Amino acid sequence: MTTTTLESVCILEKDSTGDVLTTWAFPGVSATLEEVITLRSQLSSSVIELDFTFSKFKDQWVYIYTNVPQGSPLSAVSAFSLCLVSKHFHPEKYGSLAKLLWSVYAQTGTPVKVQEGFLSVLVRGAYGEFSESQYNPRQAWLASPVSALVETFRRASYVAMDGSYAQETHCGLQSAARATADGRKGDSFVGSASPVLGYAATICNSEHR
């Protein structure tokens, strides 16, 4: 039985002229959420610093995988993002799925295949090499390096609607620091980091609604 809490999937593309557009979404995203996703996708930047980011907007988690397609049928696209929107926090699970669906689109050039994968996960909890049974929601980021998490917060995870990084970065770094202080294995989390991250994300998010 599927336990997914996926709400939507969308694709954003950056063309050869530097324009960034949401080219496809299923079943759809609001105009406000689309603006947030666009700002957080890094496509407007000259360099993609992180291929995967996650952040919270109101009561939704936004997972974005961004990269440059190589040898793809998307010849007019210089880079694109695959975004998943969910009610639940699980970066490992949704990061893996976002990367898989990104690859599907890069290889086929059609969102139809992405939609097939999205629906397959909704109905069966699996698609290709991805299976929800591999991920325990209670162990989200259980043994993830703090350094990688700090980098995610420092650079791109929490981007305000107005483009300001200061408050979100401060909240993100505080949450990572708390998780480090609570650890027992050096650079890894011992317990689930989701309560800490959720708390920080809620604070950051509430200040930019």
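Me: How many helices and strands does the chain have, and what pattern do they follow along the sequence?

Reply: The chain has six helices and seven strands. In sequence order the pattern is β-β-α-β-β-β-α-α-β-β-α-α-α. This is a predicted model, and 46% of the chain's 209 residues count as buried. Of the contacts between residues at least 6 apart in sequence, 64% join residues at least 24 apart.

Me: What is the average pLDDT of the chain, and where is the pLDDT below 50?

Reply: Where pLDDT is low, the predicted coordinates should not be read in detail. Here the chain average is 77, and 65% of the residues score at least 70. The pLDDT is below 50 over residues 156–209, a stretch that has 92 contacts in the model beyond near neighbours in sequence.

Me: Which residues of the largest nonpolar core touch the most other members?

Reply: A nonpolar core is a set of buried nonpolar residues joined through side-chain atoms within 4.5 Å. The largest one here has 30 residues, and Y63, F80, L82, L84 and V114 touch the most other members. At least two residues come from each of β1 (6–15), β3 (52–57), β4 (60–67), β5 (77–86), α2 (91–108) and α3 (111–124). The most come from α2, which gives nine residues. Another core lies apart from this one; it has 12 residues, including V36, L43, V62 and V85.

Me: Which residues does L84 touch?

Reply: Leaving aside residues up to four places away in sequence, L84 touches L6, S8, V9, W61, V62, Y63, Y94, L97, A98, L101 and F118.

Me: What span does α2 reach, and which of its residues are buried?

Reply: One can compare a helix's span with the span expected at 1.5 Å a residue. With 18 residues, α2 reaches 25 Å from its first C-alpha to its last, close to the expected 26 Å. Its buried residues are P91, K93, Y94, G95, L97, A98, L100, L101, W102, V104, Y105 and A106. Just after α2 comes G109, with a positive phi of about 75°.

Me: Which residues of α3 are buried, and where do they lie around the axis?

Reply: The buried residues of α3 are V114, G117, F118, S120 and V121. They lie on the same side of α3 because they cover an arc of only 160° around the axis. V123 and R124, on the other side of α3, are exposed. The buried residues pack against β1, β2, β5, α2, β6 (126–127) and β7 (130–131). As for length, α3 has 14 residues and spans 20 Å between its first and last C-alpha, close to the 20 Å expected at 1.5 Å a residue.

Me: What is found at the start of α3, and what follows α3?

Reply: At the start of α3, a side-chain oxygen of T110 comes to within 3.2 Å of the backbone nitrogen of V112. After α3 comes G125, which has a positive phi near 80°.

Me: Which backbone atoms does the side chain of S72 reach?

Reply: For a polar contact, the N or O atoms must be within 3.5 Å. A polar atom of the S72 side chain lies 3.1 Å from the backbone nitrogen of L74. The S72 side chain also reaches the backbone oxygen of A106, at 2.6 Å. S72 itself is in the loop between β4 and β5. Buried means under 20% relative accessible area, so S72, at 18%, counts as buried.

Me: Where is the cis peptide bond?

Reply: Most residues other than glycine have a negative phi, and most peptide bonds are trans. In this model a cis peptide bond joins F26 and P27, with omega about -10°. P27 belongs to the loop between β2 (20–26) and α1 (31–40).

Me: What phi values do Q42 and K58 have, and is each buried or partly exposed?

Reply: Q42 is not a glycine, yet its phi is positive, about 70°. Q42 sits in the loop between α1 and β3, and its relative accessibility of 10% counts as buried. K58, also a residue other than glycine, has a positive phi near 55°. K58 is in the loop between β3 and β4, where its relative accessible area of 41% makes K58 partly exposed.

Definitions and conventions: Residues are numbered from 1 along each chain as its sequence is written. Side-chain values use heavy atoms; hydrogens and water are left out. Buried means under 20% relative accessible area, exposed over 50%, partly exposed in between (1.4 Å probe, protein chains only). Helices (H or I, at least four residues) and strands (E, at least two) are DSSP runs, numbered from the N terminus. Contact means heavy atoms within 4.5 Å. The arc is that of the directions from the helix axis to the C-beta atoms. A polar contact is a pair of N or O atoms within 3.5 Å; within protein, one must be able to donate a hydrogen and the other to accept it, and residues adjacent in sequence count only if both atoms are side-chain atoms. pLDDT is the predictor's confidence in each residue, from 0 to 100.
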